[in-house]
Amino acid sequence: MNDLSLTGLSIALVLLIALSAFFSGSETALLTLNRYRLRHLADQGNRGARLARKLLERPDRLIGIILLGNNFVNTIASALATVLALRLGGEAAIGIAAGLLTLVVLIFGEVTPKTYGTLYPERLALPAAYVYTVLLKLFYPIVWAVNLITNGLLKMMGIASTDSPNTALSREELRTVVSESSAMVPERSRAMLLAILDLERATVEDIMIPRHAVEGIDLQDSEDDILQAIRNTNYTRLPLFDGGVDNVLGVFHARNALHALLDKTLTKTRLREIAREPYFVPEGTPLYQQLLNFQRLKRRVALVVDEYGDFKGLITLTDLLEEIVGEFTTDPYDRLEEIHHAEDGSLLIDCSIGLRDLNRALRWELPTDGPKTLNGLILDYLETIPEPGTSLLLHTHPLEIIQTVESGVKTVKVIQRAVRKLRR
């Protein structure tokens, strides 16, 4: 080393600092790589990604070879700096050289490359994987010996170095990933993905058509009334009752009834024949499970019952699909017939509306783990049936009671200033 010129020593020192920067930056880049993107690149045939993925399967070996190289170049750099200091200023310059080298290594060999590796991990990690694959083969005996000692120490602490880190995402973590992917996933697609994740949270009770709103055919009605109801229906499948909604005989397709009507063979007996056996589901069935049930049983309509077997409502495949893709309208205030514009610009809301529908239409966040309708939430909040004209602040939303009935609240108004704020 004494035979080298000052220029040669300086060039060697710069090269060692550059190698230190490579080891530091590539270590950070490899350990901060997005594992899912790395898997995708590897599956697409990227050789660098395949090598990086293989290296990360044994992080103890990867860290071993990185630290072996980094410590080696830093030690040699320290020795060269000492020689330069002795030649330039004698023993008095050794302390100054050590301080300057520490500062230079910190800035150029640690902070800068590690910051770059954090911001752009793929640019540094994938090319570095080629280098580390070769170095690991060349210095495997040394790395193996070092890992043997370190793994023994870890084992004494109850840690197995071969344990793979759990990279599986929970539902909430996946929601966060989807929510923060705005730059890569269109808003519409992002909303659909989040809706799919929410299917496990909601049950059929949350989106069913309540029993009082179920439209069907009652065999106790006259034949003329039955024929008129079938002609005027907006639904393709209708439940068939015999004496009220508590006695469901089945569900029939309106198309089959119309065919019989055209052939003049539609009678109450014929309706019984074309009706399919009713399909009952418990009110607590998760929406995701119900979607699978519809697919497995090739059904499109289900009758919802409570724990006592009483009829509570009706759910269709269309209702479930709309939970994912949304309503098939563009104006958020026209999505639901329960929401109307008042002359003063405020909104009038029928309190039989479901809370999930209301949240989706007005972008509110009313709780849905308790009452399922706006009427139920208001009664639960006030613990009494209010008088018309009563105003309340329901979860930050100012409402005014417009109309009540003996059993609850029928209509409320969203106060005008709240609507203006919402539209902004």
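Buried means a relative accessible area under 20%, exposed means over 50%, and partly exposed covers what lies in between (1.4 Å probe, protein chains only). The views below come from a predicted model, where local features need pLDDT of at least 70, side-chain atom pairs count only at pLDDT 80 or more, and totals for chains, interfaces and linings use all residues. Residues are numbered from 1 along each chain as its sequence is written, and side-chain values use heavy atoms, with hydrogens and water left out.

View 1. A salt bridge here is a side-chain nitrogen of Lys or Arg within 4 Å of a carboxyl oxygen of Asp or Glu. Arg 270 is partly exposed at 32% relative accessibility, whereas Glu 273 counts as exposed at 53%. Helices (H or I, at least four residues) and strands (E, at least two) are DSSP runs, numbered from the N terminus.

**View 2. Glu 205 meets Lys 312 in a salt bridge.** The N to O distance is 3.2 Å. Because Glu 205 lies in helix 10 (residues 204-207) and Lys 312 in strand 7 (residues 311-316), the pair ties together parts that are 107 residues apart in sequence. Glu 205 is partly exposed, at 22% relative accessible area, and Lys 312 is partly exposed too, at 24%.

**View 3. Glu 110 and Lys 114 pair within helix 5.** Their closest N and O atoms are 3.3 Å apart. The two residues are four apart along the helix, about one turn. Lys 114 is partly exposed, with a relative accessible area of 31%. For context, the structure holds 11 salt bridges.

**View 4. Helix 5 meets helix 6.** The axes of helix 5 (residues 94-119) and helix 6 (residues 121-138) come within 5 Å and cross at roughly 100 degrees. That makes helix 5 roughly perpendicular to helix 6, a label for angles of 65 to 115 degrees. Axes are lines fitted to C-alpha atoms, for helices over the stretch in contact, and angles run from 0 to 180 degrees between N-to-C directions. Pro 113, Tyr 116, Gly 117, Thr 118 and Leu 119 in helix 5 touch Pro 121, Arg 123 and Leu 124 in helix 6, with contact meaning heavy atoms within 4.5 Å.

Key. Parallel < 35°, antiparallel > 145°, perpendicular 65-115°, else oblique.
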